[in-house]
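Here is a tutorial dialogue to read alongside the sequence and the model. Take a look at the structure first, then follow the questions.

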Amino acid sequence: MDVLIHLFVGLHIIGIAALLGGFLTQMKAMGQGTARFVPGMLHGALTMLVTGVALIGLNQADDHHVNAVKMGVKLAVLIVILGLVYAKRDEERIDKGLFALVGGLTMANIFIAVLWS
């Protein structure tokens, strides 16, 4: 079971890398007002959602303690990110504030995962 959990952790990290990487590649465009949500950002957020839910189930099945409040906060933040990226995925230009919000929420989700024990 540990191998499966570690596999899903790796996939979860790949998802966050795709989401954050998509944001970081658009930083210059954000300064020019031409930033957009690239497909990798949507795919990364969806990967995080699927692997995160799977990780909760796998950890509970393996009798590991799961902090439900932390997971609920992370899920809520991810759903906001996913909703914004999904709703604006076809727009050629995204408002700087909205684009920065998605980047900030993505980084907040990373810090919640790492710092909340």
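**Reading the features one by one**

Q: Let's start with N109. Where is the place of N109?

A: N109 sits in helix 5. Helices here are DSSP runs of H or I with at least four residues, strands are E runs of at least two, and both are numbered from the N terminus. One caution before we go on: this is a predicted model, where local features need pLDDT of at least 70, side-chain atom pairs count only at pLDDT 80 or more, and totals for chains, interfaces and linings use all residues. Residues are numbered from 1 along each chain as its sequence is written, and side-chain values use heavy atoms, with hydrogens and water left out.

Q: Is N109 buried or exposed?

A: Buried means under 20% relative accessible area, exposed means over 50%, and partly exposed is in between (1.4 Å probe, protein chains only). N109 has a relative accessible area of 2%, so N109 is buried.

Q: And which residues does N109 touch?

A: Contact means heavy atoms within 4.5 Å. Not counting residues up to four places away in sequence, N109 touches M48, K74, V77 and L78.

Q: On to the rings. How many aromatic pairs does a search of the whole structure find?

A: Rings of Phe, Tyr and Trp (its six-membered ring) pair if their centres lie within 6.5 Å; planes under 30 degrees apart are stacked, over 60 edge-to-face, and the rest tilted. The search turns up 2 aromatic pairs. In one of them, the ring centres of F23 and F99 are 5.1 Å apart with planes at 25°, so the pair is stacked. F23 belongs to helix 1 (residues 2–25) and F99 to helix 5 (residues 96–115), so this pair ties together parts 76 residues apart in sequence. F23 counts as buried at 6% relative accessibility, and F99 is buried at 0%.

Q: What about F37 and F99?

A: F37 and F99 are a stacked pair too, with 5.4 Å centre to centre and 25° between the planes. This pair also links distant parts of the chain: F37 is in the loop between helix 2 (27–32) and helix 3 (39–61), 62 residues from F99 in helix 5. F37 is buried, with a relative accessible area of 1%. Put together, F23, F37 and F99 make one aromatic cluster.

Q: Which residue lies over the face of Y86?

A: A charge sits over a ring if NZ of Lys or CZ of Arg is within 6 Å of the ring centre and within 35 degrees of the ring normal. Here R89 lies over the face of Y86, 3.9 Å from the ring centre.

Q: How do I read R36? Where is it placed?

A: R36 is in the loop between helix 2 and helix 3, and R36 is partly exposed at 27% relative accessible area. Leaving aside neighbours within four places in sequence, R36 is in contact with Q26, R89, E91, E92, I94 and F99.

Q: How many salt bridges does the whole structure have?

A: Side chains of opposite charge can pair when their charged atoms come close. The criterion is a side-chain nitrogen of Lys or Arg within 4 Å of a carboxyl oxygen of Asp or Glu. The search finds 1 salt bridge, and the side chains of E91 and K88 form it (3.4 Å, N to O). E91 is partly exposed at 34%, and K88 counts as partly exposed at 27%.
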